[in-house]
Amino acid sequence: MARQTTKLDTKKVSAELFTLTYGALVTRLLKDYENIDDVNKQLERMGYNIGIRLIEDFLAKTNCGRCYDFRDTAEKIQLAFRTYLGVFPQVSNWSAANDEFSLLFDNNPLTEFVELPDHCLNLKYSNIFAGILRGACEMVQMEVTSWFVQDQLKGDNITELRIKFIKKLEDAIPVGED
Amino acid sequence: MASQDVLFEFLHHEIVAYCNSKSKKEKEDVSELEYIGFACGYRIIERLTKDWPRFKEELDMLKFLCTDFWSSIYQRQVDNLRTNHQGVYVLFDNEFRFLSRISEGNQYLEFAPQYVSYTCGLIRGALANLGITCIVTAEVHLMPACRFHIQVQKS
């Protein structure tokens, strides 16, 4: 096996395999659960498990410091999407209180090969994102919630993920630290 | 390790954990995981080989799998490929990625099947789409090394 180089675009291949694997997982879940809401919940839960681990990798890689406000957080989340999925979501639609914003995706890597059949219209296909964000933010003492407002899979022009800040998790800080 | 691969690894962990929780009754049941791998392998290989020169023989396809395919997914080529030229191939990966996060040695050997079956399926699916029907099994003696046995079914 002397040849070291490959003609394949490694990055693209692993991204596509990720997409396909996620798709296979969703298909599996749809078979296992009768209720589509349960599938959404399960995806969110899996995302949460990923998020609580992923944040550590993110902090190690990017050398990010503390966020000063939620706008700061939004930028970091945007950066995370760029780092891990190679997409550039736009941050917009801030609420007046600065505690809610939207991420706008022109293209969503998870749904690249996907079409939703008619009986799955309630499915939040990319709900794993919501879980990842909840898990990751929880590990940095923030409770957030997120949901899809628009989804290209359901015929909208863009995919819009709305993220809302709920509260700071004071109790999670170990004793003796600020 | 590239960032995207970290995400893929976490996703793989979640799938393993999920399939595990589903198959509590039969603890050794890894067929779901294998099937997920199969479905992915079957699809991805079609995209990869679209613009690839036609393979001359079985061994060429196996070589493609061990070098280009493997290195795009696991960031390294298979360390060694052996064959008896009668339809049996053995792939040696001395540092299999999905096992590299588990402590080395044989303390957790009983969990190894869950972490290699996705890849067994992936190989089987990829070869199936290339026109080779086969059985893929894995063997782990000492983590993180892993061997994949491919037995081609002659029709």
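A residue is buried if 20 or more other C-beta atoms lie within 10 Å of its own, exposed if 12 or fewer do, and partly exposed in between, with the C-beta atoms placed from the backbone. By this definition, 36% of the 178 residues of chain A count as buried. In chain B, 41% of the 155 residues count as buried. The structure is a predicted model, in which local features need pLDDT of at least 70 and side-chain atom pairs count only at pLDDT 80 or more, while totals for chains, interfaces and linings use all residues. Residues are numbered from 1 along each chain as its sequence is written, and chains are lettered from A and ligands numbered from 1 in the order in which they are written.

Chain A contains 4 helices and 4 strands; helices (H or I, at least four residues) and strands (E, at least two) are DSSP runs, numbered from the N terminus. Along the sequence of chain A, the elements follow the pattern α-α-α-β-β-α-β-β. The radius of gyration of chain A, 18 Å, is close to the 16 Å that the globule rule gives for 178 residues, so chain A is as compact as a globular protein of that length. Here the radius of gyration is taken over C-alpha atoms, and the globule rule is 2.2 Å times the number of residues to the power 0.38. The C-alpha trace of chain A spans about 50 × 50 × 30 Å along its principal axes. Two residues are in contact if their C-beta atoms, placed from the backbone, lie within 7 Å. Of the contacts in chain A with a separation of 6 or more, 59% are between residues 24 or more positions apart.

Chain B has 4 helices and 4 strands, and from the N terminus on they run α-α-α-β-β-α-β-β. With a radius of gyration of 15 Å, close to the 15 Å that the globule rule gives for 155 residues, chain B is as compact as a globular protein of that length. The principal axes of the C-alpha trace of chain B give spans of about 40 × 35 × 30 Å. Among contacts in chain B between residues at least 6 apart in sequence, 59% join residues at least 24 apart.

The 4 strands of an open sheet in chain B are arranged in the order β1-β2-β4-β3, with antiparallel pairing. Two strands pair if DSSP finds at least two bridges between them. At the edges of the sheet are β1 (80-83) and β3 (134-139) of chain B, each of which pairs on one side only. On average, neighbouring strands of this sheet are turned by 15 degrees against each other, direction ignored. Axes are lines fitted to C-alpha atoms, for helices over the stretch in contact, and angles run from 0 to 180 degrees between N-to-C directions.

Strand β4 (residues 146-152) of chain B is joined to β3(B) by 6 bridges, and the two run antiparallel. In this pair, Ala138(B) stands opposite Phe148(B) in β4(B). The hairpin that joins β3(B) to β4(B) passes through 6 residues. β4(B) also pairs with β2(B) in the antiparallel sense, over 6 bridges, and Phe92(B) stands opposite Arg147(B) in β4(B).

Two helices lie against the sheet. Helix α3 (residues 58-74) of chain B lies across β1, β2 (88-93) and β4 of chain B and runs at about 160 degrees to β1(B). Helix α4 (residues 112-129) of chain B packs on the sheet and touches β3 and β4 of chain B, its direction making about 155 degrees with that of β3(B).

The axes of α1(B) and α2(B) come within 9 Å and cross at roughly 140 degrees. These two helices, α1(B) and α2(B), are therefore oblique to each other; angles under 35 degrees count as roughly parallel, over 145 as roughly antiparallel, 65 to 115 as roughly perpendicular and the rest as oblique. In α1(B), Ile15(B), Val16(B), Cys19(B) and Lys22(B) meet Glu32(B), Leu33(B) and Ile36(B) of α2(B).

Between the chains, 27 residues of chain B are in contact with 29 residues of chain A. The helices α1 (3-22), α2 (31-48) and α3 of chain B each supply at least two residues of the side that touches chain A, and α1(B) gives the most, with 12 residues.
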